[in-house]
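Hi,

Here is the structure I promised to pass on.

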Amino acid sequence: MTAIKEKAKALFSHPFFSDSRTLLGLWLLLPLVAGLMKISKCNNFLIFKYVFWHTWNGTPLYEAYPNEYWDVNHYGPLFSLVIAPFAVVPHPLGLIMWEIMLSLALFVAIRRMSLPYGNQLFILWFCAHELLTALFMSQFNIAIAAIIIVAYCCIERGKDHWATLLIVVGTLVKLYGIVGLAFFFFSRHKLKFILSFVGWSCLLFVLPMLISSPEYIVEQYKEWYICLTEKNAENIVSGGQNISLLGMVRKTSGLADYSDLWLILPGMALFSLPYLRLRQYANEAFRYAFLASVLLFVVLFSTGSESSSYIIALVGASIWYVTSPWRRSRLDLALMIFAFILTSMSPSDLFPAFIRKTYVQPYALKALPCVLIWLKLICEMLTKDYVPRPHR
């Protein structure tokens with residue numbers, strides 16, 4: 001066993017694996033592969049691109065269009081401008097450009113964090129497989145992860161106006177971005193944060209009117225609210241959706257007649273308790289722990305979470321693992337291995353199909369490792385001292 005560990009250590013110590021060009025090449029190759037494989041079967045991207053064209057033509061955004069794609073759109077009217085550059089070019093090129101943009105956004109976000117280079121490498125390698133899972137679905141969740149991380153980094157650098165821009169974009173596109181407001185208490189320019197948030201909200205609310213009309217956009221925002229309400233009700237009992245702590249509890253317990261608020265409210269209380277440790281705010285590791293908690297929480301407590309949402313949660317788990325000022329324990333390592341196997345690998349053909357179909361999918365067990373990591377993270381944030389110290 002020792003010999004195997006030494007050989008593995010020697011292999012991954014090779015400069016090839018630690019070269020940033022290798023990681024950049026991999027994170028460019030993955031979207032290219034995903035895009036080429038999904039050219040003839042890319043329903044999500046078809047939904048996305050038609051958000052622009054339906055806005056342009058003034059047709060409803062939240063109705064079914066079976067001749068164009070199956071399912072319906074659940075993204076806000078602002079998404080029409082986000083997807084526009086990829087909707088107006090020929091289809092195969094637009095899809096591949098979209099996939100590359102998503103991958104590069106998250107790659108740049110991770111590289112922008114003020115972490116040691118080795119820690120960034122760990123996150124990029126650890127999340128590469130989950131990235132591919134999300135890319136096969138062309139999911140905006142990849143961009144949501146990038147938005148949350150870069151918003152945090154902007155607040156750390158005192159650039160609150162850019163942070164709030166990203167938060168508003170993420171919110172008006174897919175609501176998930178609203179969790180970026182959790183970093184408000186770490187802002188050194190709170191008035192600037194509030195004013196810029198209000199300003200960007202007003203501007204981005206009306207911006208899609210440039211390609212449509214005020215009446216149309218206001219009506220579509222009303223329809224978006226109705227659409228999300230109906231979708232939430234569907235997700236509660238959906239087999240493919242609600243892969244979250246909420247869904248795992250509901251599916252494993254077999255209970256149906258209860259409100260998710262019984263889980264969401266205690267979850268919000270646990271999430272908020274570390275805010276009381278005001279003296280820890282000065283420690284960067286504590287603030288990174290909050291970033292990790294936000295990335296995990298937004299997936300674990302959403303009925304809309306699906307398999308491809310876990311690119312957000314696994315980035316959060318990786319940040320949790322590498323940013324503690326103390327040496328990680330064997331239990332922490334075991335949790336990360338558990339997350340890689342059950343959360344990241346379970347949707348793939350490398351994972352036993354019988355276990356996936358019999359246990360993982362029916363009971364939303366993909367969420368389990370991230371639930372355990374989040375609970376341990378909260379426990380650490382409530383009890384540990386995040387003062388920097390040398391690693392052994």
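Below is what I found, going from the whole chain down to single residues.

First, the ground rules. This is a predicted model, so I kept local features only at pLDDT of at least 70 and side-chain atom pairs only at pLDDT 80 or more, while totals for chains, interfaces and linings use all residues. Residues are numbered from 1 along each chain as its sequence is written, and side-chain values use heavy atoms, with hydrogens and water left out.

**The whole chain**

The protein chain has 20 helices and zero strands (helices are DSSP runs of H or I with at least four residues, strands are runs of E with at least two, and both are numbered from the N terminus). Its radius of gyration is 21 Å, close to the 21 Å that the globule rule gives for 392 residues, so the chain is as compact as a globular protein of that length. That radius is taken over C-alpha atoms, and the rule is 2.2 Å times the number of residues to the power 0.38. Along the principal axes, the C-alpha trace spans about 65 × 50 × 50 Å.

Buried residues account for 52% of the 392; buried means under 20% relative accessible area, exposed means over 50%, and partly exposed is in between (1.4 Å probe, protein chains only). The chain exposes about 18,200 Å², with carbon and sulfur atoms supplying 70% of that (Shrake-Rupley method, 1.4 Å probe; for residues, only the protein chains shown count as cover). As for contacts (heavy atoms within 4.5 Å), of those between residues at least 6 apart in sequence, 74% join residues at least 24 apart.

Helix α10 (residues 141-156) has 16 residues and reaches 23 Å from its first C-alpha to its last, close to the expected 22 Å. The expected span is 1.5 Å times one less than the number of residues. This helix is mostly covered: 16 of its 16 residues are buried. After α10 comes G158, with a positive phi near 80°.

Helix α7 (residues 91-112) has 22 residues and reaches 31 Å, close to the 32 Å expected. Its buried residues include W98, E99, L102, S103, L106 and F107. Remember that an α-helix has 3.6 residues a turn, so residues three or four places apart point the same way.

**Some loop residues**

Two residues other than glycine have positive phi. L175 has phi near 65° and sits in the loop between α11 (160-174) and α12 (190-206); with a relative accessible area of 40%, L175 is partly exposed. A364 has a phi of about 50° and lies in the loop between α19 (353-360) and α20 (368-383). At 2% relative accessible area, A364 is buried.

A256 is in the loop between α14 (245-253) and α15 (261-272), and counts as exposed at 57% relative accessibility. A256 and I236 are 20 residues apart in sequence, and their C-alpha atoms are 8.8 Å apart.

**Around M248**

Which residues does M248 touch, leaving out those up to four places away in sequence? They are N242, Y363, A364, L365, L368 and V371, so the buried A364 turns up again here. M248 belongs to helix α14 and is buried too, at 9% relative accessible area. From M248 to L368 is 120 residues in sequence but 7.7 Å in space, C-alpha to C-alpha.

Cheers
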